[in-house]
Amino acid sequence: MSTLQSGASDFAARLAEALLGEGPPSKKTKTGVADLDREEIAALINKKLPTASSYSKTTVGGWADSKYKTIRPCMNFHRQHTLQDQRTTPVALLDPILAQVAEDCEVAAPTEGDCNFTARVASAMSESFTKEGERMDKFWELLEHEYSVKFQRIEFGDAKTDGSLTHPKGGLVVNIEVKNEVGSGGGAIHVQNAAYAAKYAAGQAVVLRQVSTCPTLLIELAGPNMSLSGAVFSNVVVCDQLTPMVSLLWQPHSPLMLQAARCFAALRMALPRLLAYYDSVQSQALRQQLDFPYPTSFIASDGGGQAHLQYVQRLSGLCFKGVIQPHGQSVFIKFCRSYSFAAHQAMAAAGYAPALLGFEQLAQGWLLIVQQFVDAVSWDEIVDKPVESLKAAVHALHAAGFVHGDLRGCNILVAAGAVSLIDFEWAGIVGKATYPYFMNHVDIQWPDGASDGRLVTESHDLWWLSKLI
């Protein structure tokens, strides 16, 4: 059998097992979606995903139905995110344009033109429409005139989109899903819009999929309410809501109209960026490893300028192992929304933390942290624990005026009998550092007083120390 035939046979066997839950005997107990590559994921979506309207139903036969259990992991949509899902990276870390949309919707300063357009949309969408198609047509008319674009309805079998803006090279730039009013139409509007993006990326963007995550800006319109979402095809199809449902009612004295104006300002700025991206994506060098976050460079903290990253593997959550090119130094890469650089640097200088090599401020408040990769084991994994080294590390942290907040064994590394503290997301200055919201109070026992939004104290760190030793 030729190599090509062997590869095709292997692909067919793996795909059949993912589709049917069965296949030829193998050394693995079971092959699942996690074992499929992007092209196999695309084939699975093409094979199993029904029409977007059918999949979006909340009744029997819709997206929650058990018959879709094999395909749901291929499409991480709004309704399917779980704390246990470690395979999915947020859209804001997979595409910089969609990340900027989310940020602009929160903080952009609308122009006079944005405000005038918002007023026109609010006036039109506040009207009553007897049919969904009438609302869709009016929304198209407004967007096409304002942004000089042209929407069309793309057919997927027996179904059609409610408005799609495509690039001549094949990219789905924008997709619109319309419901005449909130609750009408019988389906989850965000799931339906995301399903169209998944179908397009998996079925029609064959060439683009080889060099791109196929970013698409999604617009959901339900009566006089609108939200923006983003979809990409990374290791799986990922779709995140970028904004809440924003009111499009005519309320000139309400801050809700400013929120809507920011969304239209974000849309105005995103459209040329997405079109320019698809103009160049096939002719330029691959900008990223498609299964990993988009940032591939950072500013070195030693003054060495810009350094370039290559990802090696996901370690857990939003933590990765990578190398700095071209010399190949192994690094630990982490993405988070808060981080105490001062506490990390103080501990590194004292010899109780890996060297902080650099960081990068990203859109929507995300941070890229790059530190020395330490060949070590966690405190929980080691039998002969260096207790005195841990005591000294915590003492040095507090003596420098900092607290940590999350001194669990998984955040303490041990190598050659010495301790390194890691994960300074919650760390900060004594009396100022606070715990994040949405802490895990189900699986983790925290010290008394350690709760969402409250101060991190030295006594909390000492409580962890007492438990660890």
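## Aromatic rings and their neighbours

With a relative accessibility of 1%, F117 counts as buried. Here buried means under 20% relative accessible area, exposed over 50% and partly exposed in between, computed with a 1.4 Å probe on protein chains only. You are looking at a predicted model, in which local features need pLDDT of at least 70 and side-chain atom pairs count only at pLDDT 80 or more, while totals for chains, interfaces and linings use all residues. Residues are numbered from 1 along each chain as its sequence is written, and side-chain values use heavy atoms, leaving out hydrogens and water.

Let's turn to the ring pairs. The structure holds 17 aromatic pairs. In one of them, the ring centres of F117 and Y147 are 5.5 Å apart and the planes stand at 75°, so this pair is edge-to-face. Rings of Phe, Tyr and Trp (its six-membered ring) pair if their centres lie within 6.5 Å, with planes under 30 degrees apart counted as stacked, over 60 as edge-to-face and the rest as tilted. Y147 is also buried, at 14% relative accessible area.

Y339 and F341 form a tilted pair, because their centres are 5.6 Å apart and their planes meet at 50°. Both Y339 and F341 are buried. Elsewhere, ring pairs join W426, Y435, W446, W463 and W464 into a cluster.

Charges sit over rings too (NZ of Lys or CZ of Arg within 6 Å of the ring centre and within 35 degrees of the ring normal):

| Charged residue | Ring | Distance from ring centre |
|---|---|---|
| R38 | F233 | 5.0 Å |
| K321 | F373 | 4.6 Å |
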